[in-house]
Every structure is written in structure tokens, then in C-alpha cells.
Amino acid sequence: MTGKQVEEMKVEPDSRDVVVSIDQAKKEVEEDETRLIPEMKLPVTKDEVKRDFGVEQDEVESLRAKFGANIIKEEKRSKLWMLISQFTGTMPVMIMAAMILSGVLEDWIDFAIIGAMLIINAAIGFHHESAAANALEEVEDQLSANETVQVFRKIKGATLEVDAKVEDLVVGDLVYIRAGDVIPADGEWIFGDKLYVNEASLTGETRPRKVPGDDKRRDILKGSTLVQGEGFARITAVGENTIMGEASAAMNTGGKVSSPLEQAIQGVVNLLVGFTLVVVFFILIVQLAIRDASVRDTLLSVTGLVVASVPVALPLVVSVTLAIGATTLARKGAIISHLSAMQDLASMDVLCSDKTGTLTTAKMTINLAKIWVNEAMKRLSKDFRREDVVELAALCSTLENAKKNEIERSVFEALAEVKMTMSRIYDSYKCDGTKGDVYHGFNANVKRTFCTVTRNKDADAGLPEHLKITKGLLTKVLDCNDPDDTGDVKWTVLDYKNVGPHAKQVDEDFGKSGYKTLAVGVDMHNEGPDVKMMMAGILPIKDPPRESTMETIKNIRAALINVKMVTGDHENIARNLAKDIKLGQNFLVHEDLWPASAARNERVAKMDGIAQVTPKDKHEVVAILQDRGHVVGMCGDGVNDAPALSLANVGFAVPGATQAARNAADIVLTEGNDGKNEGLRVIYDAIVISREIFQRIQAYVLYRFASTVLIILFLAILTFVFSENFPTLYVILFAIINDVTVTPIASDHVVGTKGPSVLNMFTVLGLSCVLGSILGAQTILTYWGNPFNMPNQSAEEVSTYLQLSISSQFLIFICRTEKPFFMTVAPHWVLLVACVVAQLVVSIWCGFGVVVETSIPVDTIVYIWLYSFAGLLVSDFFKCEFYHLSDPVLYPNYYYSWMFTLCSKKATTDIEDMEEAWAVDFPERRTLTSAKRNLTGFYIQRGHVGNLTQKMKSRIRNSIRKNENVRMATMRAVSAMPYKTAERRDTMKLATL
């Protein structure tokens, strides 16, 4: 598992306990002399490293058998405990209490039926929970499949590089690590750049530790993050034998942490259960103390009421829905690291997108024909060519990095093209540790690499004996004598006053043409350690946008999410790409972020993108947007992006991101199984899927709360007003059947909201009370008014039970959408069949007198179905009105527009009728809350334009086209505004108008 657990997350122990456990483990290791790293002669060249270190491929299995796999085992719920837990929740305990009470009162029929329903409920719950666990395990496997490490093993006498899973590492393996990697196992530094390792997750120390340090320590610990440097390391301990493994075994992990969504739902559940207990208390007082009713009947009645008030399948539906959503996202190429992130993803209204690899293909190529060469280099060496710039850049790169770094890869691909003609520099030099040569890798702080190389013995003696080479960001290659620069070697290029402005102009011109640039500098002098760097040239690198980027940005903006580009590239490059993908040209740069001010925050909110950013800038942009009330998504790939990814509501680790970035992110983006869903399209798919998931959860929560209000209202009025008890068996059957049969809603066909999805529990609770009250009144009317002319009390109770069951089952189809239930996508056939079959079974029970006390006529059953359907229509109408009153902009008055279409006196066939219809609305300038708002617009949206004259159709089309640009501009302005403000609502009205 990586940083953020996939599900069943455990409470993090107190940080002091973690440090104590780590320190204790380290002390035990130090006391164990067999575990100390022995003194050894370190290699001085890369060739020596690969020759003397690494394990034989044939010995891997025996080493794994001896030292174990590189896995720290986690406690998982067994299938047996999962089955037992189906009988330990609040609902099962309530059902068992009712069953025991029935047995004590010798009501054996109820006892048997309740027991059977308890077992059936447990079986269904076990099946769904097991399926959810399997789905989450699949997501975990996909997440861990992305955790690989470069390993060098000896195969048939040759040392070969392989990509191995982290869990497959063995003691003795030679690995190559770079900035951004999470150390995969305990090991020791062997060769390479100086490393700076952050061990905060292990020891609590936030300052990175240098390896090798002044104390000669070369050990690196599993779980720590490499923030700077790169090099070779040898694995010394794996899995539970590492310090992290021993500390994990010593620590006591806590219980499960609930997500904000689950906590909000649980809060309303507690409110309903609390209200139920208050009703139960008054029922006991009234029935036993005042009316002197039967203790047996009263206890059975209140037991049934308590059972019906507890949402039996709510935790199951939420967990299964999220698990199914997680697997769907994983197949689309978005691996979610913890399920609670889906709530923020559905609510996201601003996306700060990375450029490279997200908006672009990240398949970089160097344009050899456009390489710029400094004229001073030609004066120094008359035969200096543009190809020499490529060779110098390759000498300052490593083949180990080329596999995971696109810029390094493009350099070596360009080198391969150069070698097809003539190569004179690259093969003549090498970074030779025996001669004191060094290599300093790239990191986000210094933004360059630096190396020294020595001429080979068999090379042309006319070449300089030593070279000092750098490559990276132009400004850092020209001058890195900034006090804030943390690089070990610093310089200002020779003749900076002349070459600096010219090189910057060339760089700017490349940017305007859409090229990234890689500056190269070289010192050909041999006078000691002083650096006399000369600007050698600039490599133009093309990184084209993805074909789907422009369309995807359009779709994301249509979903009311504002897209902003956040890139470290030059402003001209960012603007050029933004022009190609129609993102916008309102760009800021690093300098615009500082100093902080209210005007600065306003500019950030309205910008289309920001260029030349540092990791600190990314963090600041996220903080500014969050302070303005936005739910922010942020893309990143490097170790220094981790703070911004952690701060963002939804952090996306783009393909190729470092392990540190993936650990900090909520969602890890991959290419996807189909190879097509890549870049920003994966994020858009994730947004759509998360909103659908949110819609399913909201539908069930609304359904279950409304059902609870219905049954509480009915039973309370029956007791207090009519002084009667409803059979407990019917109440329990109602609660179990109607709950279990709607669990397929976890995979229902739904349409997500057009804008960010926010589960407003006050709205849910309010609408639940409205729907529950309407259906409760209908059920009271059934029982009290006896509209079906039932001959006796038992028949009245059976008919009421049937009507109660059918009406409540119909309720799920109302709750699936904010629109009228017949104006949305059809439900999944499993959900439809489950609900219909369940109610047909209940109807058969009532028709034949099975399970229930007596039978009722078939024609009465048919009437009850029709009566319940009428209640469905009435409830659906009030649902739409409730949504419309809560937010007139987002939810139009669907029923009125639909009835207008159906009840029109005649088809609109000519221009006069159409103009008359428009005149109903616009002369009075009614607002969106008016009942007759833009009826003709709804008429057109519903597709009833077949009978219009050609002239009228043309007029409508022209009117729509004329206002489309204004509307889209207004919608973009809306997405930049803080969520749920008066300004945003007013602007949304203008956009709709």
C-alpha cells in the first residue's frame, strides 16, 4: 500500500508513538551487530558498480525464501469475520431482538419469518460486502502495479536492467533511485550523487538528511522520500525485517476512519433514530401508563418501529457504490487511493492542470535543424556544430534516467540521430570517478544538471582533457549565483552581458513557436576547480498537445469546472499551447504571485493559467482558490509537487509521476486499459463517473430517509390518534424487503449533475420529510378511510401493508433524479426487476393469504397498485417543486413546461402562434421563479419543433447562435466565482436568460 490507503483506512497512531516505535526499532538494529553495514571499498565508476554489485537472477527465489518478500503485512478482515459482522450491526441486533421477543411471547410464526429474513439479509449483505472487498483489492493491485523500481541483476554473466515490482526486491539487489522516489526497502548508498532523504514519515524530523553524511552514514530507510539526488543503492533488508516493518509490528493501529460523506449521512441517521426513540418513549408512556394497553402488543409495536427506522442497507449501499466506482475509474485510467476522495471529485469546480503529459503528449522530440548555437563557441572552436550541443547535453544526462524522464529520452534519441552521421564528443568522454569526476542530478530547486567528464585515452588528443557541462533552464545555465540557489556548483557564463539578452530573445522566440527549451553550457578550460562556463546552445523541444485536449476542456467547462493551466514552462510556450487548445490568453507568471494582496487573489481567480511557476507557487495557487470557496483539483508529477497535491481537495498524479507525488495524490492517472483514455480526458471521465456515483448515493439516502419518515409518521399517528397497533411482522417485512431490493442501485443507470455535486443534508432531510409526509398521508388514508371496502380489521391491515410496501418501493424511482421520473435515463434492469418482483411477491402473499393474516381480492390488489402509482405522480410533482424552489436557476419547473407541451390547444404551426407564446413571458420580464418562465424554450428543448414553419426554425436558430458566445463567456465567468454566492447565482441567471 502507498501513502493514502485505499479503504478500511486505519487511524494514524499518535506521531509520538510512531517516533518511539521507529527509534526503538533503530536501537534494536544498532544493537544487533549482524545487521550493521560493514565497512567496504566503495566503487568509483558506474562500470565498477554494475560489475561488483547485484544478485544473480537464479538466486532471487532462494533469497526471497530466506529473507521474505518485500511486503509489510496488513491485517485484513477474513471472510468468516465478514459473515459474522452481518449479525453484529445495529439493524441485525434490532431484528434479533424482535425475533427473541416473538419467541418469548410464543408468536412462533413471526419468530420463524423474522429469523428467515435475518438470514436472507445476512446472505445478501455478505455477498455485496465480499464483492466490494474484491473490487477494492483489485484497485489496490493496480495501484501497487505502478510501484516499480529500476533493478540491475546478473543474467548469464551480464548485468541487465529490469523493472521490478517493489514487493519483488530481495536482499542484495542493486537499485537506481532518483529524486521523488520513495525508498523501497532498507539499503545503503553505493555510488552517485549526494542524496537528501526526508525521513519525516519515520522519525518526525522534517529536515532532509544528507547521504553519505558527515558522519559517514550511508544507510537509507524504507518509506523515506528522496527529495534530491540520484544514484545506486544496495538493498540490505526487506519487508518486515526493515525498520519500518519492525515499527509497524510494534504499533497498534486503530479503527476505521469515516469519510466526510459517511459522517454527514451518519449524522442524519442519528437524528432520525433519535427522533424514533423519542416517539417510542411517548408511545410507551401513552399506551402503558395512560391507556393501559397490552404490554405484549406495545413492545412488539415499538420494536417494529425501531427496526424500520434504522437504514438496513445504507452502509452497504454506500460502500458498494464507492467500490464499484473505484474499479470503474481504475479501468478508465484513474486509480483512486482512498474512496472519500470521490466526494471532493464530484464537488470540484476548479481544475489546475499540469501541461506536460496532461494537456500535451509528453512525447518530446528535439528539432535538430533549429538548434541555436552561441557564436562565441564557433569562435573558440571553428568546427563547433549544432550536433555538438546535443552530444554535450547527452554527456550531462544518464541512460538510467532516460527511461522515466521524457527530456532525457529526447536527448538520447537526438544523439542516436547524430551518431548516424558523425559523433566526436560523446564517445570520447566519460564521467570517471577515478579522475574525480562528479555528476549532480536535476532537482526542482536548482533546475539544472551538472557534471565533469574526462577524455578517454583513445580519444582525439585535440579535444580538451576535461569538460564541465550543464544543462537545464536557460536562466539557471546563464547565471546561478543566486543566494537562494542550493546547487553545489555555481557560475555566471562568460560574456553574460552580451550573450544573456541574445539567448533570452532566442528562448522567447522558441516559446512563441511552441517549443520547450533546454539550455546547454560547457567549460572547456582546464585551470582547476573554477568554473568558466560558456553558453553553448539551446535545444528546441516540441511537445504537441493531445488530439483530445481541446474537446475535453470544452466538456469540462460545460460541466461548470474552470480549467487553469499551471506550468513551469515559459509564458510564451504556455500561451502558444493555450491558443491551440482554446484555453484562453489571460496568463500570469511567477512574479505576479508575490507579494500577496487582494488584487493578486482576484487575478488568480480570473486567470486562464500561470507559467514559470515553482512548487511553492503551485501550493499558493491552490490555497488562494480554496480561500475563495472553490473545491480545487491539482495535477502534479514531481516530489516538490507533493505539498500542493496534498493541499488540493483532489490531487492528481499524472502518468510518469514520482512515487512521492503518487503517495501525496488522491488519484493516480494511468493510460487506461484501452490505451485511449489519457491526459485530461481521464480526469473528465473521472468527474463524470464520480458525479454518477454521487447521484446513486444521494438517491438511496433520500429514498431511505423518506421511507423512515413515512413509517415513523404512519405508526405514530396510528398509535396516538387511533389507539391501534400495526402488526410488527408487516413493519419488519416492509423494512427488510424494501431496503434489500434497492441495493442494486449501486450500479444503477443515472445521469450526474451538470455542475459540481454537493450533498446538502438539509435539502435531503427537508425533501425526505416532504415525500415521507405525502406518502404517509396516503397510507393513513388507506387505513382510516378504507377506500377499498375491506370487510374486517385484518383485511384493512393487509391492504394497508401492501399499499405501504408498493408506495415505498415506487419512491426509489422518484429519488433517482431531480427531474420528473419519466424524463431521465431508464433504471438498470436489475434494480427494476428486483423492485417489481419483490412487490409482485408481496402481492401474491396478500392475494393468497401467505405470510400475512388473511387474503384480499385480486381486483383490490390492482386498485392498490394504481392508487400507489397515483401517489407516485403526486410525490414526484412536489419533489420537482421542492427542487425548483430551492434553486430556480439549476432546477426549472419541469412539470409545468411538460404539461404546457401536452395541453397546448393546437400544434404551433406558424410564426404568429410562436410569437404569441413568446409574448406570454417576455413583456412582463418575469424571473426564473415565475411559473411561466420561458415555456417556449422548454417546448423547443423537448424537441417539439416538427410542425414549425421553416422561417420560424431559421429565426430560432439564428437567435440561439447570436447569444451562444455571450452565454459561454458568462458561464466561464461563473466558474471563476466562489461556489454558492449571490454573485454567482445572479450571473448564472444572465447566462440562462
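In what order do the 3 strands of the open sheet stand, and is their pairing parallel or antiparallel?

**View 1. The open sheet of 3 strands in the predicted model.** The strands follow the order β6-β5-β8, and their pairing is antiparallel. Strands β6 (209-211) and β8 (225-228) stand at the edges and have a single partner strand each, so that one side of each is left without a neighbour in the sheet. From one strand to the next, the twist averages 40°.

**View 2. The pairing of β5 with β6.** Strand β5, which spans residues 195-198, runs antiparallel to β6 and is joined to it by 3 bridges. Within this pairing, Val197 has Arg209 of β6 as its bridge partner.

**View 3. The packing of helix α26 against helix α27.** The axes of α26 (residues 680-720) and α27 (residues 728-740) come within 12 Å and cross at roughly 170°; because angles over 145 degrees count as roughly antiparallel, this makes α26 roughly antiparallel to α27. On the α26 side the contact is made by Tyr700, Tyr703, Arg704, Ser707, Ile711 and Leu715, and on the α27 side by Val731, Phe734, Asn738 and Asp739. Sorted by class, the contact of α26 with α27 comprises 6 nonpolar, 2 polar and 2 charged residues.

View 4. The structure holds 0 disulfides. Cys769 is partly exposed, with a relative accessible area of 33%, whereas Cys815 has a relative accessible area of 4% and is therefore buried, the cut-off being under 20%.

Note on methods:
Residues are numbered from 1 along each chain as its sequence is written. This is a predicted model: local features need pLDDT of at least 70, side-chain atom pairs count only at pLDDT 80 or more; totals for chains, interfaces and linings use all residues. Side-chain values use heavy atoms; hydrogens and water are left out. Two strands pair if DSSP finds at least two bridges between them. Helices (H or I, at least four residues) and strands (E, at least two) are DSSP runs, numbered from the N terminus. Axes are lines fitted to C-alpha atoms, for helices over the stretch in contact, and angles run from 0 to 180 degrees between N-to-C directions. Angles under 35 degrees count as roughly parallel, over 145 as roughly antiparallel, 65 to 115 as roughly perpendicular and the rest as oblique. Contact means heavy atoms within 4.5 Å. Ala, Val, Leu, Ile, Met, Phe, Trp, Tyr, Cys and Pro count as nonpolar, Asp, Glu, Lys and Arg as charged, and the others, Gly among them, as polar. A disulfide is a pair of cysteine sulfur atoms within 2.5 Å. Buried means under 20% relative accessible area, exposed over 50%, partly exposed in between (1.4 Å probe, protein chains only).
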